[in-house]
Amino acid sequence: MMALWPLLHLTFLGFSITLPLVHGQGFQGTAAIWPSLFNVNLSKKVQESIQIPNNGSAPLLVDVQVFVSNVFNVDILRYTMSSMLLLRLSWLDTRLAWNTSAHPRHAITLPWESLWTPRLTILEALWVDWRDQSPQARVDQDGHVKLNLALTMETNCNFELLHFPRDHSNCSLSFYALSNTAMELEFQAHVVNEIVSVKREYVVYDLKTQVPPQQLVPCFQVTLRLKNTALKSIIALLVPAEALLLADVCGGLLPLRAIERIGYKVTLLLSYLVLHSSLVQALPSSSSCNPLLIYYFTILLLLLFLSTIETVLLAGLLARGNLGAKSGPSPALRGEQREHGNPGPHPAEEPPRGVKGSQRSWPETADRIFFLVYVAGVLCSQFVFAGIWMWAACKSDAAPGEAAPHGRRPRL
């Protein structure tokens with residue numbers, strides 16, 4: 001009770017310092033310059049109230065409720081996401097308790113910099129915007145302190161994109177109190193999902209909290225489990241690739257003698273080269289566990305390239321054979337051969353009419369066999385990829401700092 005009244009005097013006289021808006025990884029309090037009209041004993045009592053409450057041999061227990069209200073701007077290329085949170089912290093500070101019979105007030109509101117509060121740092125944050133420039137702490141008559149902190153931040157997230165666009169990822173938010181030790185302070189965290197909008201490419205389907213063990217500084221961790229709805233990626237990535245592959249298979253039905261077939265195949269290959277470049281740029285890259293679609297699109301490119309090369313080679317061989325047949329002996333030369341006793345093939349040895357036209361040259365036969373093998377290969381590749389998609393698993397490589405994360409005891 002004695003420590004509370006100097007705070008009340010300072011509050012009522014308007015000498016408390018207002019903290020500016022912080023755009024960093026934690027609160028940074030400014031040192032209060034107390035007026036000279038207060039005596040030294042009053043300043044000592046105020047400074048004592050700003051120190052962490054003494055809970056004896058046990059650490060001070062701070063209860064934290066995390067309300068997740070929004071998750072947006074999920075960027076898999078930058079491995080970042082933005083989120084909006086509300087932190088509701090509560091703890092017991094018996095120095096701020098008072099007797100209601102002498103002072104009939106059940107609760108008071110104080111500026112947060114005029115009493116001790118946990119200074120939080122978010123490990124994964126690129127930037128943090130604490131929405132309230134001067135949050136107010138509510139103090140009950142028994143010394144229970146409650147503080148609400150609203151923030152918006154952008155954080156790093158190690159997305160697991162092996163099965164993109166049907167990927168599931170766990171994104172962690174680690175809150176550290178770097179100004180205290182684990183012997184002084186302990187967190188007890190809970191999380192509540194208050195997201196009401198589902199019109200997102202990535203949706204949050206689960207939340208959990210934990211307090212990592214063996215930490216040098218007190219901390220708690222919030223894990224957001226994200227799921228990709230995949231509709232946009234399927235329409236933008238898979239549908240064009242499958243359509244070009246189907247068009248290439250249908251192009252094999254054109255006769256090898258048709259001049260349009262080569263132009264058709266080359267046009268498809270060039271179109272897919274342009275599409276492949278945009279597809280790869282739309283997919284994220286990683287040092288490990290790259291998306292399976294990267295390998296799938298590369299296999300499709302190889303299939304289209306093989307089909308085009310086969311058409312060009314066999315069409316060239318067929319044209320060369322036709323050119324050789326046209327450059328045979330002329331009718332006049334064949335007449336001279338008959339006059340000199342070489343009448344040519346016997347009429348009985350000539351193939352019957354209608355049979356010669358139905359026979360294929362060997363390039364056309366090879367093209368027919370290749371078409372059947374190519375169709376079987378395309379179908380098999382689809383089934384093989386579907387099996388790999390269902391059963392493949394990949395564990396990302398450990399981060400360089402995982403052996404000794406921030407605040408964790410080094411491993412021996």
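**Entry 1: the whole chain**

A residue is called buried when its relative accessible area is under 20%, exposed when over 50%, and partly exposed in between, using a 1.4 Å probe and protein chains only. With that in hand, I looked up the chain: 38% of its 412 residues count as buried.

I noted that the model is predicted, so local features need pLDDT of at least 70 and side-chain atom pairs count only at pLDDT 80 or more, while totals for chains, interfaces and linings use all residues. Residues are numbered from 1 along each chain as its sequence is written, and side-chain values use heavy atoms, with hydrogens and water left out.

I found 8 helices and 11 strands in the chain. These are DSSP runs numbered from the N terminus: helices are H or I with at least four residues, strands are E with at least two.

Next I checked contacts, meaning heavy atoms within 4.5 Å. Among those between residues at least 6 apart in sequence, 76% join residues at least 24 apart.

**Entry 2: α3 and α8**

How do helices α3 and α8 pack? I read an angle of about 160° between α3 (residues 231-251) and α8 (residues 362-391), with the axes 11 Å apart. The axes are lines fitted to C-alpha atoms over the stretch in contact, and angles run from 0 to 180 degrees between N-to-C directions. The two helices are therefore roughly antiparallel, a label for angles over 145 degrees.

I then listed who touches whom: α3 brings Glu-242, Leu-245, Asp-248 and Val-249, and α8 brings Phe-371, Tyr-374, Val-375, Val-378 and Gln-382.

I looked along α8 too. Its 30 residues reach 43 Å from first C-alpha to last, close to the expected 44 Å at 1.5 Å a residue; the expected span is 1.5 Å times one less than the number of residues.

**Entry 3: two single residues**

Is Ser-285 buried or exposed? I found Ser-285 exposed, at 58% relative accessibility. Ser-285 lies in the loop between α4 (259-282) and α5. Setting aside neighbours within four places in sequence, Ser-285 touches Tyr-79 and Asn-290. Arg-78 is 207 residues from Ser-285 in sequence, but their C-alpha atoms are 9.8 Å apart.

Last, I turned to Gly-321, which sits in helix α5 (residues 292-326). Gly-321 is partly exposed, with a relative accessible area of 42%. Its C-alpha is 8.8 Å from that of Ser-361, 40 residues away along the chain.

Key. Parallel < 35°, antiparallel > 145°, perpendicular 65-115°, else oblique.
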